[in-house]
Amino acid sequence: MRCNVCHNMCDLNEGNTGLCRARVCRDGVIQCENYGRITSIALDPIEKKPLKLFHPGSNILSVGSYGCNLRCPFCQNHTISYGFYRESDVIVRNLEPSELAAIAAHYRDKGNIGVAFTYNEPLVGYEYVVDTAIEVHKLGMKTVLVSNGCVDKSVAQTVIPHIDATNIDLKGFDSEFYESTLHGSRKMVMDFIEMAAEFSHVEVTTLIIPGCNDSNEEIREIASWIASLDNGRGKEDIALHISRYFPRFRMNIPPTDVDRIYELRDIASEYLNHVFTGNC
């Protein structure tokens, strides 16, 4: 069977798991094996997602499972994103969608506005995202998605109507970088951003890695493309977060220079009204 969720298009025999480690072939059907299996849960400021322009000052119940369809060598959550091989490696809590929604509602008095799907790549288990979002909305709360955006349009069309705000990683504007370093698809990410911007609040994050995606030209391309998505409404709607890289996982090049982050912020600000710096 072929899994059609993302660019990897994994061909799976019975019992095999896809590259994402979250989808499996059982009884001749591709299933979401990480459904309801929560490895991380925390009440975070909404600004940590990062979302600067969506209910600022509020909190959001952030949850993650395991699995990811990219292979970024600088991943800070690689234990749950890449390497869920033994259940003893990560504590797993099983939560049905209604249970998670109820937990979110319990923390309303702590300033919680809803649930954020984050930490690993949520869309490799998109069925749980949709089912939980429905339950969260029943309680009058908000849903947030933090994603790499590397999914097929059919998945995007299924998920986006259930999400109130999204932060999407646009990790660069060079297809070769996406394919060779990240094992992803830049086109899929751009399609996802464009689709999400029509339905919900969207902010974009680019992690600046020295020697990989830190040129003036590339940040101009990213910012000008984002500005073009507003369809005449003005460029104030979509925020760009330019974030500083630190050595993580398998990538050991030095951290991004802080001054360089501010230089790139100024360039992006020529096209966008809301440009924020991160990890500085």
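1. Helices (H or I, at least four residues) and strands (E, at least two) are DSSP runs, numbered from the N terminus.

2. On the basis of the values: this is a predicted model, in which local features need pLDDT of at least 70 and side-chain atom pairs count only at pLDDT 80 or more, while totals for chains, interfaces and linings use all residues. Residues are numbered from 1 along each chain as its sequence is written, and side-chain values use heavy atoms, with hydrogens and water left out.

3. Because 10 of its 14 residues are buried, α6 is largely enclosed by the rest of the structure. Buried denotes under 20% relative accessible area, exposed over 50%, and partly exposed the range in between (1.4 Å probe, protein chains only). Among the buried residues of α6 are Arg186 and Asp191, together with Phe192 and Ile193. The buried residues pack against β8 (142-147), α4 (153-159), β9 (165-169), α5 (175-182), β10 (201-208) and α7 (216-227).

4. Leaving aside neighbours within four places in sequence, Ile193 is in contact (heavy atoms within 4.5 Å) with Ile168, Leu170, Val202, Val204, Trp225 and Leu229.

5. A cavity is a set of points on a 1 Å grid over the protein atoms alone where a 1.4 Å probe fits but cannot get out; lining residues have an atom within 4 Å of a point. Grid points are joined across faces, edges and corners, and a volume is the space filled by probe spheres set on the points. By this rule there are two cavities of 30 Å³ or more.

6. The largest cavity has a volume of about 100 Å³. Of its 13 lining residues, Ser65, Asn120, Pro122, Tyr128 and Val129 are the closest to its centre. The elements giving two or more residues to this lining are β5 (59-64) and α3 (126-138).

7. The second largest cavity has a volume of about 80 Å³. Its lining includes Cys3, Cys6, Cys10, Cys20 and Arg23.

Note on methods
1 Å grid on protein atoms, 1.4 Å probe; cavity = no way out; pocket = protein on both sides within 12 Å on 5 of 7 lines; lining within 4 Å.
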